[in-house]
Amino acid sequence: MKLGSFEELVLLAVGALKDDAYGVTIKEALEKNTGNKPSIGALHSALYRLEEKGYVSSSEGGATTERGGRRKKYYLLTGTGQKMLVEANEQRMEFAKQIPGFSLKPE
Amino acid sequence: MREYSHPPKWANRFLEWICSPEVIETVQGDLLELYGKRESKKGKSRANLHFILDVLSVCRPFAIKKSRYNSNNYAMFKNYYKVAIRNLMRHKMYSAIKIGGFALGVAACILIALFLQQELSYDKKYADGNRIYRIINQWNESGSEGKWPAMTAPFAGVVRDEIPEVEIVGRLIPYNWFLGGSNLFRNADEVQNTFEERFVYADQEIIDILGLPFSSGDPKTALTEPNTIVISQRKAEKHFPGQNPIGKTIILNDVSDDPRIISGVMETLPSNTHLDFDFILPLASVEFWPGEQTSWCCSNYETYVKLKPGANNENVLEKLITIRDKYYVTYLRDQGNQAADDVLLYRGFELQPVGDIHLYSSDIRDRYNHGDIKIIWMFGVIAILILLLACINFINLSTAKSANRAKEVGLRKVVGSVKGNLIGQFLTESILFSFISFSLGLLLAMVLLPYFNELANKQLQLPIGQGQFIVTLILSMLIVGFLAGLYPSFYLSSFRPIEVLKGKLSMGSKSSGLQSGMVIFQFTASVVLIIGAVIVNRQMGFILNKKIGFDKDQVAIIQGTNTLGDKIQTFKTELKKLPEVKNATITNYYPVSDMKRDQNSMWIEGREEIDISIGAQFWRVDYDYIETMGMEIIQGRNFSKEMATDSISIIINEEMARQLGFENPLGERITNGLARNIIGVVKDFHFESVTDAIEPLVMVIGRRTNMIAVKVSSDDMQSSMNSISQLWERFMPNQPIRYEFMDQRFAEMYDNVKRTGNVFTSFAILAIIIACLGLFALSTFMVEQKRKEIGIRKVLGATVSNLFHSLTSNFLKLIAISLILAFPMGWFTMKRWLENYEYGIDVTWDVLLISGGLILIISIATISYEVIRAVKMNPAETLHSE
């Protein structure tokens, strides 16, 4: 199963937000950590894909007035999701190590 | 609590419309939350903008409704389609009749539409065509009304000078007049002559008015010099292949001292113009006889005008009347002609738009073969009738078959189909049928087009490649399919499920009122068409077999004999020596169309200043003419060489005698300037179309040498013509012999009439076929429904004839009603049509009997096929399943 780079970032954000991960917070987290502003459409599209692949699970939260009476959909990182993140990270590290005289560790 | 403001409503609606319910819950919530935050941070308008952009960003596959309607609709359509095809396959006979009848109708309509489009396109392409007119003379005396286009020579010049509304005026002579008509044609440096037709005389202004396009030469000056000639592109290609014909010298009729220089090549005239010439001779500096150009005596010039923009036609007509009084009436008074007062009273003018010439000239005497707006209407009506008949078949068959579909309708309703769905289904089906029929019809039209062209003497082509044609076809396909499907779909979809599923629906045992109405309509139309076809054909037969007063058979007319010059008498003598030749005559005047004609004013001698002249044909013939033509002298005697005075004698026809008012005209003297002694009266013969009345005619001895008519005695035309050709070759080695047979020429005169009759008959037959197809299917259906009834009746002792009677009486009643309706309609329409003919047949009762009988026989035969089969069936076979 493959993990796209944007999906990986979303997955990281979901993990980082623990039990407060829903559309708006994930978007804000991504903005804060990457500087990019993903569109809501792109974000939800990624979330649906991740859920389909089983990397995140979702549960519905309460409705609030500021959301026009609509419920929040909270996302949680699943076991597979976590494993996937680790794998992706390791794979990248392994790859980067092959560059001579290059270190990923900060100076 | 804080007031939450709202993002643009339409964007929100759009979001709700596009997203599936699961997605909308979270996404809309997120968007609204973000909106709130952005609004407080960046202001309402920025928040709005972001909101719209975000909404657009949501338009992705994951969010979009797995559109319940769309996909389901598609599935439904697939199902409709499948059911329609299954139905089509299951009831092969109905489907074939439904589609076949429809396709026939469509093919007929396509052909007729092509024909009409071509007829309506005549003379519509000239620049400023709405300002171009042909001036028409009128004679408004009640009882002898008439219209004709020929004007006097100086008329055009006066119109130009005295009517300021006129921009250009020009004259055209499209008659057999001097070099007009046909001539021998050769390149100056060749010796062999070719026969060419379609010569006219015209002013330069004719080219200017009509804007005739030229492929080479200057159209502005082509006809300004005498002794020039303009030829058409196709004739240029024929006589000067691969060369530039401009400046080439040509010789007409072998007269080498009158050469003509080609000054222009015009593009070949299209088939949809009333004009029909390939060669234009200039009228510049032409005078056909001394003083001709300035005399108001003789009308030989068709005059065309182009008015200035915004000119008032009424004013022009008023000024034409002024010209009439100022010049023509003055001329008549100077001549002491008593007609002057009548001219003041009855002579008028008309401006005929050039685009009307082809279709609106049936009452105008010119020499063109015109179309007729009445025929256009007739064919338009026939096309619509045929299409209607085909649609009615469709509707009738669909509703008649309703019983077969009733269970389907009931079941569909039970599982939740609403009326709208069912209407949709049946409309889909009907449009599918329409599509198949139109495709087949188009194919059929393609196959039939060559025959139709032959029948109608046209060169029509299917504009398959044209977008407009395709679009029209598709649109008509949809419209016809929709309209034809409308009634059946409403009818079928209104069944009540409980009743049909219980089997309560009366199984079409009685045809509904509408169904009967449509059958009546079909057969009324068919009977009217049959009556029309019978009468048209009778009238045509009457015309073609009418006693014409001369013997047209076994007469060959040799043409172009003027080039024989002085040898012509020797040639004639030699001809008469041939054993096959009975007689021969030299003249230009023959009683078939498109021959030389001369209209003269005649008076009884000494009464020129008292009486109004009698307009009579003035024919110059030779001593053998009357005998060769097989005409009959009923009073007096023929011209005779022995009588020296016969060179100033005259023979008149009966009509002339009648108009002169002579009981015994022999010995009386009449004059057209030169007084002559009447020595004989010839029995009236038709020298124009048999459809017209015979006009006064006189014959004198004269020398007109363009043609020799030969009466051949032998039955073997071929060998007779061979010996005549050999004789000709001895005299004229450089000029191929050219002849035609008078009976053929005569038949050609009525080609148009005959064609109309044939086309009419064909479409009438087509209409009947379509109507019978429908009747056949209906009767088959009825029989199918009544199979068990027939079985039971048989078991209970009904005879075959009992059953036959009970099964057919219903249809026969409908046909009887149709006959009652159709008889008066056909009768009155055809009576009116026959009024167009001077010599028309009477509509007699037997026409009605024939058409009524015909339709009865055809329809009974149609019904009987299935009925007899059903009636003869062993009842056990139909009943054993009960």
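Predicted model: local features only at pLDDT ≥ 70, side-chain atom pairs only at ≥ 80, totals over all residues.
Next I checked how the two helices lie. Helix α1 of chain A covers residues 5-17 and helix α3 of chain A covers residues 40-53; their axes come within 10 Å and cross at roughly 85°. I used the rule that 65 to 115 degrees counts as roughly perpendicular. I therefore wrote down α1(A) and α3(A) as roughly perpendicular to each other.

Then I moved to chain B for another pair. Here I found helix α16 (residues 513-545) packing with helix α22 (residues 751-785) at an angle of about 155°, the axes being 9 Å apart. Angles over 145 degrees count as roughly antiparallel, so I noted α16(B) as roughly antiparallel to α22(B). I also noted that the crossing of α16(B) and α22(B) is left-handed. By class, I listed 16 nonpolar, seven polar and one charged residues for this contact.

My last entry is on the two chains together. How many residues does each chain give to the contact? I have 19 residues from chain B and 17 residues from chain A. On the side of chain B that touches chain A, the elements giving two or more residues are α2 (21-42) and α3 (44-58) of chain B. I see the largest share, eleven residues, coming from α2(B). This side of chain B has nine nonpolar, five polar and five charged residues.

Notes: Residues numbered from 1 in each chain as written. Chains lettered and ligands numbered in written order. Axes fitted to C-alpha atoms, helices over the stretch in contact; angles between N-to-C directions. Helix = DSSP H or I, 4+ residues; strand = E, 2+ residues; numbered from the N terminus. Parallel < 35°, antiparallel > 145°, perpendicular 65-115°, else oblique. Left-handed = near helix turned anticlockwise from the far one by under 90°. Nonpolar A, V, L, I, M, F, W, Y, C, P; charged D, E, K, R; others polar. Contact = placed C-beta atoms within 7 Å.
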